[in-house]
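Open the structure in your viewer and keep the selection panel at hand. This tour goes stop by stop.

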Amino acid sequence: MRIVHVGKFYPPEYLGGLETVNATLARSLAAAGHEVECLVAAVRGPGSVARQDGVRVVRAGSLGILYSQPLAPGLPAALRRTPADVVHLHHPNPLGDVAVLRDRPRPLIVSQHSDIVRQRWLWPVIGPLVRRVFARAHAIVVASRQLAARSLELRGFEAKVRVIPFGIDPAPFAAGEPVRARGRALRERWGARSVVLGVGRLVGYKGWDVLLRAARDLDATVVLVGSGPEEGALRALAGANTVFAGRVEDAELPAYYHAADVFCLPSVTTAEAFGIVLLEAMASGKPLVTTALPTGVAEVNRAGETGLVVPPGDVAALREALAALLGDAGRREAMGEAARHVCAREYTSALMAERFAVLYAEAVSARHAPSSSAATTPQS
């Protein structure tokens, strides 16, 4: 099957949650024998065409970024020229909305990664556009039942909603000796007895400031992997027990997980719709500390089984949860092992690709049988 994914950007040029999921799914579909193209924008500058991990990646020329959205006027025309049996739009993505509405008629699947949160004030402008896209789509896919139930943008389209959880390839995060050795070297470099790891962009909704406040009285080193606009403010807030590791290459990231005792994702808003990094930590056998957000985060981290859950923004509760796990090696090990099993059973990229392939085939069949109806209830 020929599949074209329409996203905003593509790794390694831009690393965000939507981009990571798009690339992971595309690679897995290509590995399963499908012909996959990803049509995205360059962050800035002229367009390009490359092949990455069996996927044809087409970057449309871009004037830059405005309100987190690419300014790539050539992308809609590029989509019309791209042969495909199915178009898969990754959303929110206003430019992608314009592209699929200008596209020739063919089956459309939309992945709703999250509602618009930070630029919600733009909804009166882009809302009608989004609703036209949803009306055209064969199905709208979300990664969790939480998002399916709480999304404001999906209201009125519940009959089209499907739940397909995100997934990762767990193999790079396995505890092989080379990975463990690099992890030990990192701990020695940090001079750490205990390590709390956070991975993600340094942006406000991630709640890194809450983690840094909670960690001030902990006998542990906090390691933050990532970069972003909040780095300066976070450095000013950080104590001597904080390491800013910056951006880490994919090949080295597993060693950071294995160097840690606990993984923490302290996000404070529903902009954290799922948290792919949680799956990476789980595949590495690490216990989680997360916040009680009404999003996929609450489904991935099972309180008391794979980790601990605290209220968003609660410094004292976060400090208590981290201290509880850091002080109990047996509990950490049990939760980490449970996390590894849950990830392997429910959150692999191969399983995600298999589920989407079934949905693509359904969409193609429905086009040839107009009287057949789309799915009517959310399912996994």
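The stops below cover confidence, a cavity, a helix pair and a pocket.

**Before you start.** This is a predicted model, in which local features need pLDDT of at least 70 and side-chain atom pairs count only at pLDDT 80 or more, while totals for chains, interfaces and linings use all residues. Residues are numbered from 1 along each chain as its sequence is written, and side-chain values use heavy atoms, with hydrogens and water left out.

**Stop 1: colour by pLDDT.** This is the predictor's confidence in each residue, from 0 to 100. The chain mean is 92, and 95% of the residues reach 70 or more. Now select 372-380, where the pLDDT is below 50. Beyond near neighbours in sequence, this stretch has 18 contacts in the model (contact: heavy atoms within 4.5 Å). Where pLDDT is low, the predicted coordinates should not be read in detail.

**Stop 2: the cavity.** Select V21, L25, H88, H90, S111, H113, V141, I164, F166, M352 and F356, which line the largest cavity. On a 1 Å grid over the protein atoms alone, a cavity is a set of points where a 1.4 Å probe fits but cannot get out, and lining residues have an atom within 4 Å of a point. How many cavities of 30 Å³ or more are there? The count comes to one. The volume of the largest cavity is about 50 Å³, taken as the space filled by probe spheres set on the points, with grid points joined across faces, edges and corners. Its lining has seven nonpolar, four polar and no charged residues (nonpolar: Ala, Val, Leu, Ile, Met, Phe, Trp, Tyr, Cys and Pro; charged: Asp, Glu, Lys and Arg; polar: the others, Gly among them). At least two lining residues each come from α1 (17-31), β7 (86-91) and α14 (349-368). Helices (H or I, at least four residues) and strands (E, at least two) are DSSP runs, numbered from the N terminus.

**Stop 3: α1 against α14.** Show T24, L25, S28 and L29 in α1 together with S349, A350, M352, A353, F356 and Y360 in α14; these residues meet. By class, this contact has seven nonpolar, three polar and no charged residues.

**Stop 4: a pocket.** Move to H258, A260, S284, G285 and K286, which lie nearest the centre of the second largest pocket among its 18 lining residues. A pocket is an open set of points with protein on both sides within 12 Å along at least five of seven lines. The volume here is about 360 Å³. Select α13 next: it gives the largest share of the lining, five residues. The lining divides into four nonpolar, five polar and nine charged residues.
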